[in-house]
Amino acid sequence: MSDSQTHIKDATAIELVYDRKQINMLIDHILDQAESQGYSSSALFAIRLAIEEAITNAFEHGHEKLDPSTPIRVEYAVTKYAVEVAIEDQGPGFSPSTLPDPTLQENLSKPSGRGVMLMQAYMTDVHFNNTGNRVKLRYIRPNDA
Amino acid sequence: MTDSRLRISENDGITVVEFVDRNILDEANIQAINEEITAVIERADTPKLLISFSNVDHLSSAALGALITINNKIREKTGQLHLANIDPQIYEVFVITRLNKLFNIHETTDEAHAAFTS
């Protein structure tokens, strides 16, 4: 459920099942909108990466114990100033503050645990709702991107 | 069995792996890639692997995870892994995650070839 931190004004909302073609179509659609607004290739790279990570987390972790056909909800809004995407799963949620730092020497050889840090690295801001089953990614366009 | 998502060749005792796809994002594909490279590692006594990213535009943290698993398996067999031809935007992902400290990364496949020790 969205809260003030993860709400997107005037968003388009869709339900998405764990199907690679559908995921690609949605991400391409969002990026096409951003590209038509003149976002740079590095901005598009960042936005694609963050959305991919959030969608993968929702299905792989959020829906780990749910029926594979359970859909997630994606909301998005693209303007010339910002791209906002919220991804909400139907799982129990998690607490992002408890994630170990994957860049610590002792964690470098661990194969998982980098998705959230990549979202945070590439987006202007990343907010989770209190339950931890909804994340809002926001990329504010810099003056030169 | 699905089609291979990799091009694998041998050159002077070094197994060279290239990706067919420009985007390495899909969990199922990543798992298939992981299994295929693992089979190569298991066949060798001391595996020497060069992975070229020349065709790759995007990869996800799951793909990084597969690379780490591959690296761990090669180390268990005291083998060598070198990466090459990584797009600057993707290299930045390695830097952000500090995985540039874990992997041996080279600009070109020639430089990577030269870095293998016998």
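Visitor: How many aromatic pairs does a search of the whole structure find?
Guide: The model is a predicted one. Over all chains, the search finds seven aromatic pairs.

Visitor: How are the rings of A:Tyr18 and A:Phe59 arranged, stacked or edge-to-face?
Guide: That pair is stacked, because the ring centres are 4.4 Å apart and the planes lie at 5°, where under 30 degrees counts as stacked.

Visitor: Which parts of chain A does the pair tie together?
Guide: A:Tyr18 belongs to the loop between strand E1 (12–16) and helix H1 (20–36), whereas A:Phe59 belongs to helix H2 (residues 41–62), so the pair links parts that are 41 residues apart in sequence.

Visitor: And is A:Phe59 buried or exposed?
Guide: A:Phe59 is buried, at 5% relative accessibility. A:Tyr18 is partly exposed, with a relative accessible area of 33%.

Visitor: Which residues form an aromatic cluster in chain B?
Guide: One aromatic cluster is formed by B:Phe19, B:Phe53, B:Phe94 and B:Phe103.

Visitor: Where does B:Phe19 stand in the strand pairing?
Guide: B:Phe19, in E2(B), stands opposite B:Leu6. Strand E1 (residues 6–11) of chain B pairs with strand E2 (residues 14–19) of chain B in the antiparallel sense, over six bridges.

Visitor: How many residues are there between the strands of that hairpin?
Guide: There are two residues between the strands, and B:Asp12 in this hairpin takes a positive phi near 55°.

Visitor: What is phi for A:Asp10?
Guide: The phi of A:Asp10 is near 55°, which is positive although the residue is not glycine. A:Asp10 lies in the segment before E1 of chain A and is exposed, with a relative accessible area of 69%.

Visitor: And where is B:Thr78?
Guide: B:Thr78 is in the loop between helix H2 (61–76) and strand E6 (80–84) of chain B. This residue also is not a glycine and has a positive phi of about 45°. At 63% relative accessibility, B:Thr78 is exposed.

Visitor: What span should H2(B) have, then?
Guide: The 16 residues of H2(B), at 1.5 Å a residue, should span 22 Å; the end C-alpha atoms are 22 Å apart, so the two values agree.

Visitor: Which residues of H2(B) are buried?
Guide: Among them are B:Ala63, B:Leu64, B:Leu67, B:Ile68, B:Asn71 and B:Ile74. An α-helix has 3.6 residues a turn, so residues three or four places apart point the same way.

Visitor: Changing topic: where does B:His106 lie?
Guide: B:His106 lies in strand E7 (residues 104–106) of chain B. With a relative accessible area of 16%, B:His106 is buried, because the limit for that class is under 20%.

Visitor: What polar contact joins the side chains of B:His106 and B:His82?
Guide: The two side chains are joined by a polar contact of 2.8 Å. Apart from residues up to four places away in sequence, B:His106 touches B:His82, B:Leu83, B:Ala84, B:Asn85, B:Glu111, B:Ala112 and B:Ala115.

Visitor: What about A:His29, buried or partly exposed?
Guide: A:His29 is partly exposed, at 36% relative accessibility. The residue lies in helix H1 of chain A, and its side chain makes a polar contact of 3.2 Å with the side chain of A:Tyr76.

Visitor: What separates the C-alpha atoms of A:His29 and A:Tyr39?
Guide: These C-alpha atoms are separated by 14 Å, with the residues 10 apart along the chain. A:Tyr39 also has A:Arg141 over the face of its ring, at 4.6 Å from the ring centre.

Visitor: Lastly, where is the place of A:Asn133?
Guide: A:Asn133 is in the loop between strand E4 (125–128) and strand E5 (134–140) of chain A. At 10% relative accessibility, A:Asn133 is buried.

Visitor: What does the side chain of A:Asn133 contact?
Guide: The side chain of A:Asn133 makes a polar contact of 2.8 Å with the side chain of A:Asn129. Not counting residues up to four places away in sequence, A:Asn133 touches A:Met1, A:Ile87, A:Glu88, A:Asp89, A:Gly91 and A:Gly93.

Methods: Residues numbered from 1 in each chain as written. Chains lettered and ligands numbered in written order. Predicted model: local features only at pLDDT ≥ 70, side-chain atom pairs only at ≥ 80, totals over all residues. Heavy atoms only, no water. Helix = DSSP H or I, 4+ residues; strand = E, 2+ residues; numbered from the N terminus. Buried < 20%, exposed > 50% of the residue type's maximum accessible area, 1.4 Å probe, protein only. Polar contact = N/O pair within 3.5 Å; in protein donor to acceptor, adjacent residues only side chain to side chain. Contact = heavy atoms within 4.5 Å. Pairing = 2+ DSSP bridges. Phe/Tyr/Trp six-rings, centres within 6.5 Å; stacked < 30°, edge-to-face > 60°. Lys NZ or Arg CZ within 6 Å of the ring centre and 35° of its normal. Expected span 1.5 Å × (residues − 1).
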